[in-house]
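Mentor: Let's take this one question at a time. Have a look at the picture and ask away.

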Amino acid sequence: MHLRIFLTAAIIILIIPASFAAVKIEAENNAYIHNNKGLMYLEEKYYYGAIKEFQMAIDLNPNSQASAIYYVNLGKTYEKIGYDTLARSYFEKAVSLNPLCFDYYLKMCENYKKLDIVDEKLEYYKNNNTSPFASIIIGLLYIQRGQVTTGITVLDDFCNKEPNLLVTTGVRNYINQLTKN
(Lines give C-alpha, C1' and ligand atoms only; values in the text may rest on other atoms or scores of the structure.)
Protein backbone atom coordinates (compact mmCIF):
# COMPACT_ATOMS: atom_id res chain seq x y z
CA MET A 1 0.00 0.00 0.00
CA HIS A 2 2.79 2.42 0.88
CA LEU A 3 4.45 1.69 -2.43
CA ARG A 4 1.27 2.61 -4.31
CA ILE A 5 0.98 5.93 -2.42
CA PHE A 6 4.66 6.63 -3.02
CA LEU A 7 4.36 5.95 -6.78
CA THR A 8 1.22 8.09 -7.08
CA ALA A 9 2.89 10.96 -5.24
CA ALA A 10 6.01 10.63 -7.41
CA ILE A 11 3.94 10.70 -10.61
CA ILE A 12 2.02 13.76 -9.43
CA ILE A 13 5.24 15.55 -8.46
CA LEU A 14 6.80 14.82 -11.86
CA ILE A 15 3.78 15.45 -14.13
CA ILE A 16 2.17 18.58 -12.65
CA PRO A 17 5.22 20.90 -13.00
CA ALA A 18 5.69 19.76 -16.60
CA SER A 19 2.16 20.81 -17.47
CA PHE A 20 2.91 24.36 -16.27
CA ALA A 21 6.28 24.64 -18.02
CA ALA A 22 6.79 27.81 -20.00
CA VAL A 23 6.95 27.41 -23.73
CA LYS A 24 9.88 29.29 -25.17
CA ILE A 25 9.13 30.86 -28.53
CA GLU A 26 12.12 30.86 -30.86
CA ALA A 27 11.48 33.83 -33.14
CA GLU A 28 14.58 33.16 -35.25
CA ASN A 29 13.57 29.55 -35.87
CA ASN A 30 10.01 30.57 -36.70
CA ALA A 31 11.33 33.25 -39.07
CA TYR A 32 13.43 30.63 -40.82
CA ILE A 33 10.37 28.38 -41.18
CA HIS A 34 8.29 31.23 -42.65
CA ASN A 35 11.10 32.09 -45.07
CA ASN A 36 11.26 28.48 -46.27
CA LYS A 37 7.50 28.38 -46.69
CA GLY A 38 7.75 31.62 -48.69
CA LEU A 39 10.36 30.03 -50.95
CA MET A 40 8.04 27.11 -51.59
CA TYR A 41 5.20 29.48 -52.46
CA LEU A 42 7.52 31.48 -54.71
CA GLU A 43 8.49 28.31 -56.56
CA GLU A 44 4.79 27.52 -57.02
CA LYS A 45 4.20 31.08 -58.27
CA TYR A 46 1.83 31.76 -55.39
CA TYR A 47 3.17 35.27 -54.91
CA TYR A 48 0.62 36.51 -52.37
CA GLY A 49 1.44 33.62 -50.04
CA ALA A 50 5.17 34.14 -50.57
CA ILE A 51 4.89 37.84 -49.72
CA LYS A 52 2.96 37.06 -46.53
CA GLU A 53 5.46 34.41 -45.43
CA PHE A 54 8.52 36.59 -46.10
CA GLN A 55 6.86 39.48 -44.28
CA MET A 56 6.17 37.22 -41.28
CA ALA A 57 9.82 36.13 -41.29
CA ILE A 58 10.88 39.79 -41.29
CA ASP A 59 8.41 40.67 -38.54
CA LEU A 60 9.78 37.88 -36.34
CA ASN A 61 13.44 38.75 -36.92
CA PRO A 62 13.71 42.23 -38.46
CA ASN A 63 17.23 43.43 -37.73
CA SER A 64 19.76 40.64 -37.71
CA GLN A 65 22.38 39.88 -40.29
CA ALA A 66 20.67 36.54 -40.95
CA SER A 67 17.37 38.25 -41.75
CA ALA A 68 18.88 40.06 -44.75
CA ILE A 69 17.95 37.09 -46.92
CA TYR A 70 14.28 37.52 -45.93
CA TYR A 71 14.40 41.09 -47.26
CA VAL A 72 16.05 39.94 -50.50
CA ASN A 73 13.47 37.19 -50.97
CA LEU A 74 10.64 39.67 -50.45
CA GLY A 75 12.28 42.11 -52.88
CA LYS A 76 12.66 39.39 -55.51
CA THR A 77 9.01 38.46 -55.11
CA TYR A 78 7.89 42.05 -55.61
CA GLU A 79 10.07 42.26 -58.71
CA LYS A 80 8.50 39.09 -60.10
CA ILE A 81 5.05 40.66 -59.94
CA GLY A 82 6.25 43.96 -61.39
CA TYR A 83 6.53 46.06 -58.24
CA ASP A 84 10.16 47.12 -58.65
CA THR A 85 9.61 50.28 -56.60
CA LEU A 86 8.47 48.25 -53.59
CA ALA A 87 11.42 45.90 -53.99
CA ARG A 88 13.95 48.73 -53.74
CA SER A 89 13.69 49.34 -49.99
CA TYR A 90 14.00 45.62 -49.25
CA PHE A 91 17.22 45.30 -51.24
CA GLU A 92 18.62 48.40 -49.54
CA LYS A 93 17.72 47.00 -46.12
CA ALA A 94 19.42 43.69 -46.95
CA VAL A 95 22.64 45.50 -47.87
CA SER A 96 22.51 47.51 -44.65
CA LEU A 97 21.99 44.38 -42.54
CA ASN A 98 24.62 42.26 -44.25
CA PRO A 99 27.18 44.43 -46.06
CA LEU A 100 29.47 41.45 -46.57
CA CYS A 101 27.24 39.68 -49.10
CA PHE A 102 28.08 40.77 -52.64
CA ASP A 103 24.88 39.35 -54.15
CA TYR A 104 22.81 41.85 -52.16
CA TYR A 105 24.72 44.77 -53.70
CA LEU A 106 24.21 43.30 -57.15
CA LYS A 107 20.44 42.86 -56.65
CA MET A 108 20.16 46.40 -55.32
CA CYS A 109 22.04 47.92 -58.26
CA GLU A 110 20.09 45.84 -60.80
CA ASN A 111 16.93 47.16 -59.18
CA TYR A 112 18.21 50.73 -59.54
CA LYS A 113 18.62 50.08 -63.25
CA LYS A 114 15.05 48.79 -63.53
CA LEU A 115 13.87 51.95 -61.78
CA ASP A 116 16.03 54.12 -64.06
CA ILE A 117 17.78 55.81 -61.13
CA VAL A 118 21.34 54.60 -61.76
CA ASP A 119 22.68 58.09 -62.56
CA GLU A 120 21.03 59.59 -59.47
CA LYS A 121 22.39 56.84 -57.21
CA LEU A 122 25.85 57.01 -58.79
CA GLU A 123 26.06 60.73 -57.99
CA TYR A 124 24.84 60.10 -54.47
CA TYR A 125 27.41 57.39 -53.72
CA LYS A 126 30.26 59.28 -55.37
CA ASN A 127 29.48 62.29 -53.16
CA ASN A 128 28.95 60.20 -50.01
CA ASN A 129 31.84 57.78 -50.36
CA THR A 130 32.43 57.42 -46.61
CA SER A 131 32.67 53.64 -46.50
CA PRO A 132 34.80 51.22 -48.49
CA PHE A 133 31.57 49.40 -49.37
CA ALA A 134 30.42 52.45 -51.36
CA SER A 135 33.07 51.52 -53.91
CA ILE A 136 31.25 48.26 -54.57
CA ILE A 137 28.04 50.15 -55.28
CA ILE A 138 29.82 52.73 -57.43
CA GLY A 139 31.49 50.01 -59.50
CA LEU A 140 28.23 48.13 -59.96
CA LEU A 141 26.38 51.29 -60.90
CA TYR A 142 28.97 52.07 -63.59
CA ILE A 143 28.42 48.57 -64.95
CA GLN A 144 24.63 48.99 -64.85
CA ARG A 145 25.12 52.29 -66.67
CA GLY A 146 27.00 50.47 -69.45
CA GLN A 147 30.47 51.69 -68.48
CA VAL A 148 31.72 48.17 -67.80
CA THR A 149 35.46 48.95 -67.97
CA THR A 150 35.15 51.81 -65.48
CA GLY A 151 33.04 49.63 -63.19
CA ILE A 152 35.52 46.78 -63.30
CA THR A 153 38.34 49.22 -62.52
CA VAL A 154 36.50 50.55 -59.46
CA LEU A 155 35.70 47.03 -58.26
CA ASP A 156 39.26 45.86 -58.85
CA ASP A 157 40.56 48.86 -56.91
CA PHE A 158 38.23 47.88 -54.05
CA CYS A 159 39.63 44.33 -54.10
CA ASN A 160 43.19 45.66 -53.92
CA LYS A 161 42.39 48.00 -51.02
CA GLU A 162 40.30 45.46 -49.07
CA PRO A 163 41.75 42.01 -49.86
CA ASN A 164 40.73 40.39 -46.56
CA LEU A 165 37.03 41.22 -46.42
CA LEU A 166 34.52 38.41 -46.99
CA VAL A 167 32.73 40.44 -49.65
CA THR A 168 35.94 40.73 -51.68
CA THR A 169 35.66 37.12 -52.82
CA GLY A 170 32.24 37.84 -54.32
CA VAL A 171 33.55 40.97 -56.02
CA ARG A 172 36.51 39.07 -57.51
CA ASN A 173 34.22 36.29 -58.76
CA TYR A 174 31.95 38.86 -60.39
CA ILE A 175 34.91 40.57 -62.08
CA ASN A 176 36.12 37.20 -63.37
CA GLN A 177 32.65 36.42 -64.68
CA LEU A 178 32.49 39.75 -66.53
CA THR A 179 35.96 39.45 -68.03
CA LYS A 180 35.37 35.89 -69.32
CA ASN A 181 32.73 37.12 -71.76
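Trainee: What is the relative accessible area of Asp-157?
Mentor: Before the number, some ground rules: this is a predicted model, so local features need pLDDT of at least 70 and side-chain atom pairs count only at pLDDT 80 or more, while totals for chains, interfaces and linings use all residues. Residues are numbered from 1 along each chain as its sequence is written, and side-chain values use heavy atoms, leaving out hydrogens and water. Buried means under 20% relative accessible area, exposed means over 50%, and partly exposed is in between, using a 1.4 Å probe and protein chains only. Asp-157 counts as partly exposed because its value is 35%.

Trainee: Which residue does Asp-157 form a salt bridge with?
Mentor: A salt bridge here needs a side-chain nitrogen of Lys or Arg within 4 Å of a carboxyl oxygen of Asp or Glu. The idea behind it is that side chains of opposite charge can pair when their charged atoms come close. For Asp-157, the closest N and O atoms are 3.2 Å apart, and the partner is Lys-161.

Trainee: In turns of the helix, what separates Lys-161 and Asp-157?
Mentor: Helices are DSSP runs (H or I, at least four residues; strands are E, at least two), numbered from the N terminus. Lys-161 itself is exposed, at 58%. Because Lys-161 and Asp-157 are four residues apart in helix α9 (residues 148–161), the gap between them is about one helical turn.

Trainee: How many helices does the chain have?
Mentor: Read along the sequence, the pattern is α-α-α-α-α-α-α-α-α-α. There are zero strands, and the helix count is 10.

Trainee: Which residue bridges to Glu-92?
Mentor: Glu-92 sits in helix α5 and its partner in helix α7, 29 residues away, so this pair links distant parts of the chain. Glu-92 is partly exposed at 25%. The closest N and O atoms are 3.9 Å apart, and the partner is Lys-121.

Trainee: And Lys-121, is that buried or exposed?
Mentor: Look at the number for Lys-121: relative accessibility is 11%. That puts Lys-121 in the class called buried.

Trainee: How much space lies in the largest pocket?
Mentor: A pocket is an open set of points on a 1 Å grid over the protein atoms alone, where a 1.4 Å probe fits, with protein on both sides within 12 Å along at least five of seven lines; lining residues have an atom within 4 Å of a point. Grid points are joined across faces, edges and corners, and the volume is the space filled by probe spheres set on them. For the largest pocket, that gives about 220 Å³.

Trainee: Which lining residues are closest to the centre of the largest pocket?
Mentor: Helices α5 (84–97), α6 (102–114), α7 (118–127) and α8 (133–145) each supply at least two lining residues. Out of 14 residues in the lining, those closest to the centre are Val-95, Tyr-105, Tyr-125, Phe-133 and Ile-137.

Trainee: What separates the C-alpha atoms of Phe-133 and Val-167?
Mentor: Val-167 lies in helix α10 (residues 166–180), and its 1% relative accessible area makes it buried. Along the chain, Val-167 and Phe-133 are 34 residues apart, while their C-alpha atoms are separated by 9.0 Å.

Trainee: Last one: where is Lys-45 found?
Mentor: Lys-45 has phi near 65 degrees, a positive value in a residue other than glycine. Lys-45 is also exposed, with 59% relative accessibility. Its place is the loop between α2 (27–43) and α3 (47–60).
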